[in-house]
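Hello,

Here is the structure I promised to hand over. Please open it and read the notes below beside it.

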Amino acid sequence: MALKKSWIASANSADHPFPLNNLPYGVFSTGDSDPRCGVAIGDMILDLAEAEATGLVDLGDEPLFEMPFWNEVMEEGPAVWAALRNRLIALLEEGAQERQAVEACLVPMAETVMHMPFMVSEYTDFYAGRHHATNVGTMFRGAENALPPNWLHIPIGYNGRASSVVVSGTDIRRPWGQLKGPNDSAPRWAPSARFDIELEMGAIVGTPSEGPITVQEADDHIFGYVLLNDWSARDIQAWEYQPLGPFQAKATATSISPWIVTKAALEPFRCDTPEREVELLDHLKDCGPMLYDIDLEVTLRPEGGEEATIARTNYKEMYYSAAQQLAHHTTSGCPMNAGDLLGSGTISGPEKDARGSLLELSWGGKEPLTLPTGETRSFIEDGDTLTLKGAAKGDGYTIGFGDCTGTLLPALSDPYAR
Ligand code: CA
């Protein structure tokens, strides 16, 4: 696969995140216009509500794009997803006949505001990165008990809060919570002092299901992927997490990147999960390459300071694919809906600078990071901006995700003080 050429010049560069090969889906607005569906191409957004109104894109009787979410398109299923992508390629490729009509529907990306690309029906977060689970388990329970006994057999997860998912660029407020450190004799009420990120990918369910589905079916049901930052209050988590798992530690916010990168765009980057140490039961076995080779990066910018890369890793480090997670999610009969969001779990690589959380990077605060300014970080400080970046590198082209960023604001005064 090589760079597909577009008549939009900015899309034809090896490093641009949004070439014709990508065509990611988002929701945008300009000025005081209503948010609507669009597709990124080079430095422009093709306004799909406008393209639909003028008949350039026609996928059926009901309008699909003059609305602030992609859920309607997701529910249409894979045949419509393919028809839309094929039509967009025909409109935007070099030599396209409708060029003049399409030009009237283009908006410069710099003049737009991005919104949540879909309504999150429900949000589940997994814990499927082996290096991350081993690192955190070693810190919390010791090296002998690092991986829980079920970990190599099922992708473990918890049900998160759809209401807490926000689009990139949304400020995050440091939460208060009940904390009890190992040396505290009693719990206390205070702002989290160990606020953290988790570098993850989010898989978005497109096709609804009722009852158990196979790993292959699950892969077919996934609409696309976003970058996902599962903001985490480690001190709240350490006190609350046994026996039912994380709760308030993960409920402040989860940020996602604004563009849904489709499975079709990622097709050339499929890769296998790692060697299995323990054979999986049949219903969870791999049935083809279902991870993706996507370079990932985390940067930290202190307030008024310069942005520094603090971690580099790759999505292919995961132990379980999103398809395996989705299949496992349905085994009980749990219905899944268009717009369900599945967090991969923190993606850490084997190297020290490939760790996807500050908890791991600073080893629980014992080995603070040094930033280029000489400042150090164990966890996030007020005013820090944390950004996730992702890109799949093809032969002469890039499939970019668009940044997933958020700035941590200081805690408010005690919400219960009188
Ligand atoms: Ca997580």
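First, a term: two strands pair if DSSP finds at least two bridges between them. Strands are DSSP runs of E with at least two residues, numbered from the N terminus.

This is a predicted model, where local features need pLDDT of at least 70, side-chain atom pairs count only at pLDDT 80 or more, and totals for chains, interfaces and linings use all residues. Residues are numbered from 1 along each chain as its sequence is written, and side-chain values use heavy atoms, with hydrogens and water left out.

Strand 25

Strand 20 (residues 295–301) runs antiparallel to strand 25, with 7 bridges. Here L300 sits opposite L386. Strand 27 (residues 404–409) is also an antiparallel partner of strand 25, over 4 bridges. There, L388 faces C404. Strand 26 (residues 398–400) joins strand 25 by 3 antiparallel bridges. A391 is opposite G400 in that pair. Strands 25 and 26 form a hairpin with 4 residues between them. In the turn, G396 has a positive phi of about 85°.

The calcium ion

Which residues coordinate the calcium ion? They are D125 (OD), E198 (OE), E200 (OE) and D230 (OD), at 2.2 to 2.3 Å. Donors are N, O and S atoms within 2.8 Å of the metal (3.2 Å for Na, K and Ca); water is not among the atoms, so sites may look incomplete. D125 is buried, at 1% relative accessible area. D230 is buried too, at 0%.

Best wishes

Conventions. Buried means under 20% relative accessible area, exposed over 50%, partly exposed in between (1.4 Å probe, protein chains only).
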